[in-house]
Structure formats: C-alpha cells, structure tokens
Amino acid sequence: MTAAATATKAQAPLSNKAREMMEAINTDAAKHHVWIRTQANAPAQRPWFSDTSGEGQLASGRVAANQMKTLPYLWRWSEFSPYLHRISEIARKAEVSPIEFGDRQSILLLNPGLNGRLQVTNTIRCAISVYNPGDVAPVHLHSPNASRTILSDKGGYTVVEGERCTAARGDLILTPNGTWHDHGNDSSEPVIWIDMLDWPLMEFLDAAWVDHDMPGAQGNARVQAVTKSDGRSHRLYGRGGIKPAFVDHQIGVGRGPAPLIHYRGADVLETLHSLRKEQGDPHEGIKVDFVNPVTGEPVFKTLNYSAQLLRPGEETELKRETAGTFYVAIEGSGATEVGGNRFEWSQNDIFVVPNFLWRRHINTGKTDAVLYSVSDAALMSNIGQYYAQGRAKNGTITELAN
Ligand SMILES: [Fe+2]
C-alpha cells in the first residue's frame, strides 16, 4: 500500500466525523435560518457544451432542493381542444359566466417536469382561451409581458391602449407590460387563441402584479374606449425600414418603446413563402423574427417570437441553446426530435424544446410547414447567458452566434 493510500484510509473516518458534527450543528442552526454546508455544490445542469449525451440531470441533496428541469413535451390539438369545446359549452349555458369566477375560459398547459406549476418552460406560461360570442374580458394592466397567437380563422379582438386589434389566424397581438388591454368576441362563433406570458419569471422575481381599475373604464363589462382605429399601429410601423417621425413610440406605463402591437399572420405567411427559395439557416430553415420596429430588438426584453418555414423533406441540423423554446404548428406537418423523443406534429399542435437539449426539425409532409415559436433567448442574451451550438451530420460541433 502506498503512503498516499494509507493517508486516505486514515483520513476517511475523520472526514465523516467532521460531517456528522456539522450536521449536528445544523439542527440548531436551522432555528436561526442558517445552513452549514455539508455537501458540494451540485448544479442541476452538467457542463452542457461538453456533455455529449446532451441530457440534463437533476442534482440531489440540500444544495439542489426544489430544483426541477423542463421536459420535452407535445400537446396534441386532438387531445386538448375537446376541453376547450367542453368549457365553451358549459359557459354558453351558465348563469354565471366562467369569466366571472375564473377570469378566463381557458386551459393552462403544464410541463410534466415542473411539478404542476402553471408554466411550460422556466419562464413562460401558456393558456389556451376560448371566447364565446359576446364574451368580454374586462380591461386590466399587468407587469408580465403577454401575447396571443390566434388559432381561429377569424373573430375576436383585443384592445390595447385604445387601439382595437381585430384578430385572424396566425396573428400575434402583443400586450407589453404596463399596457391597458381588454379582449372580446363580437362574432357569431367561438374563437380560440393561445396566451403566452413571461409570468413565471415575474413571479420568481416577485414582480407580478395586476391592476383592474382603469380610470374611465366603461359599462358593466368595464372595457376601455376605442380611441384609435383598427390597424393604426400597423399603418405606423407595419412596413419594414420605415419609422414614423411624428409619434411617441412609447405606449402604456412600461419601460421602453413597444409600439407595434399587432403582427398579422397573413403578412408573416406571405413573407415566409416569398423567401422559400432562399437557402435559409441549416438549423432553422426559413426563419423570421418578430421585432420591435423602433429598436430592431426582440419584441420583449424577456421573450422573442419567431416564425419559420420548413420545405417538404427539409431536415434541419441539430442545435441546442441555453434558452427554452415553445412551438406552435401553424401550417403543414412534421416531426421534431429532442432529448430522445420524436414529436410528430400537425396543425395547432404545441410542443416544448427545453434548454440544453439537442433538437432538429423535419418536414414530413407534402406542403410547406410553418412553426411559430417563443423563447427566452432574449432574456438570456440580455443577461449575457445566451449560448448555442450546432452539430453537423458528420458530428462537427460549431458555436453559434444566435
Ligand atoms: Fe392580460
């Protein structure tokens, strides 16, 4: 036996004894909200950039108490939409509208890795709402940023800071933090849209708040007056590269300009299809970002929204990021491989690609496929934590700028 091995053997009981003594102190220290470290720091995430397995793993012990990891998951339209139809039917016959007691008629998606929390990634909450004809959600304002992605062909509206936005399929309507907004459906059919918010992040920061008392809100439904005609922000900012010089770009009481609130699905699809003969990005296909037209930055400091087109047979190369991404299938059909899963998706299906996991998209259909996505890459970039890698078919790994 070597001298070093002898020393190790002799020290082991001492080490355990020290640990026992410190644990004994912890019983007392807990009364004073103090914990004496008896374990190594064990983060939930291994060094992902050199971890060829690509799998995250949960740490254990006191250091990692309550850590959780987002899991890949697919919510199929065929499975979740019946719940929307059922609550719509209940609401239609109800004496007291569910909007009265539940604030909304909606279902919330729960990521199976997050222990029942109302969130789909570490930062994003997703609700899918149904509004019956005549439904109105009263005007309010909140600190989280929010958006709605419209699934119904038409019908429904949102009023943001006095501007009415009449909704149609594929539209993205923003309600930036600090903007008064109300919603409703004045058509003859129920309408469905997806609400996405950075609410979990604001809750984590203990900075989530809602104000329901807009001065001057009107009628029993407490809605705001429409003071700007439908499409005003689109007329002001809807043409890339042209910015009006005679208006204040700030709306609401949020910090920073957030002027364009209604991105039209028809414009997005027209743009994507007009670019389909471009080479595109090997990891994303033909991808466009929704940006703030004043700053050129993502629409929110915390979340960025994109749309991408995959041509029939197109297979992207593998990519992984420090950001989590939430996808909605708007057109066509395909598959996304992530973390050992293969999600076959078609129109209105929704899925999550967690941070750190390799993923790739495949268009398995005969027509172009379009995915909308929202991710916290904007947040990660703003705090200096955004990293991404690509992996080519020959296994070569490259660091990606975005
Ligand atoms: Fe809201």
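A: Six strands, in the order S2-S3-S10-S5-S8-S12, make up an open sheet whose pairing is antiparallel; strands here are DSSP runs of E with at least two residues, helices are runs of H or I with at least four, both numbered from the N terminus, and two strands pair if DSSP finds at least two bridges between them. Its edge strands are S2 (106-108) and S12 (262-263), each of which pairs on one side only. The model is a predicted one, in which local features need pLDDT of at least 70 and side-chain atom pairs count only at pLDDT 80 or more, while totals for chains, interfaces and linings use all residues. Residues are numbered from 1 along each chain as its sequence is written.

Within this sheet, strand S3 (residues 125-131) pairs with strand S10 (residues 191-197) in the antiparallel sense over seven bridges, and Ser-129 has Trp-193 in S10 as its bridge partner. Helix H2 (residues 77-93) lies across S2, S3 and S10 and runs at about 45 degrees to S3, where axes are lines fitted to C-alpha atoms, for helices over the stretch in contact, and angles run from 0 to 180 degrees between N-to-C directions; contact between two residues requires that their C-beta atoms, placed from the backbone, lie within 7 Å.

A further open sheet of six strands, with antiparallel pairing, has the order S1-S19-S16-S21-S14-S13, and its edge strands, S1 (73-75) and S13 (286-290), each pair on one side only. Neighbouring strands of this sheet are turned by 20 degrees against each other on average, direction ignored. Strands S14 (residues 304-310) and S21 (residues 369-375) pair in the antiparallel sense over seven bridges, with Ala-369 in S21 as the bridge partner of Leu-310. Helix H6 (residues 265-274) lies across S13, S14 and S21, at about 45 degrees to S14.

Ala-378 lies in helix H7 (residues 377-382) and is buried, because 23 other C-beta atoms lie within 10 Å, the cut-offs being 20 or more for buried, 12 or fewer for exposed, and partly exposed in between. Leaving aside neighbours within four places in sequence, Ala-378 is in contact with Pro-298, Phe-300, Lys-301, Thr-302, Leu-303 and Asn-304. From Ala-378 to Ser-129, 249 residues apart along the chain, the C-alpha separation is 26 Å.

For the protein as a whole, there are seven helices and 23 strands, and buried residues make up 37% of the 402 residues.
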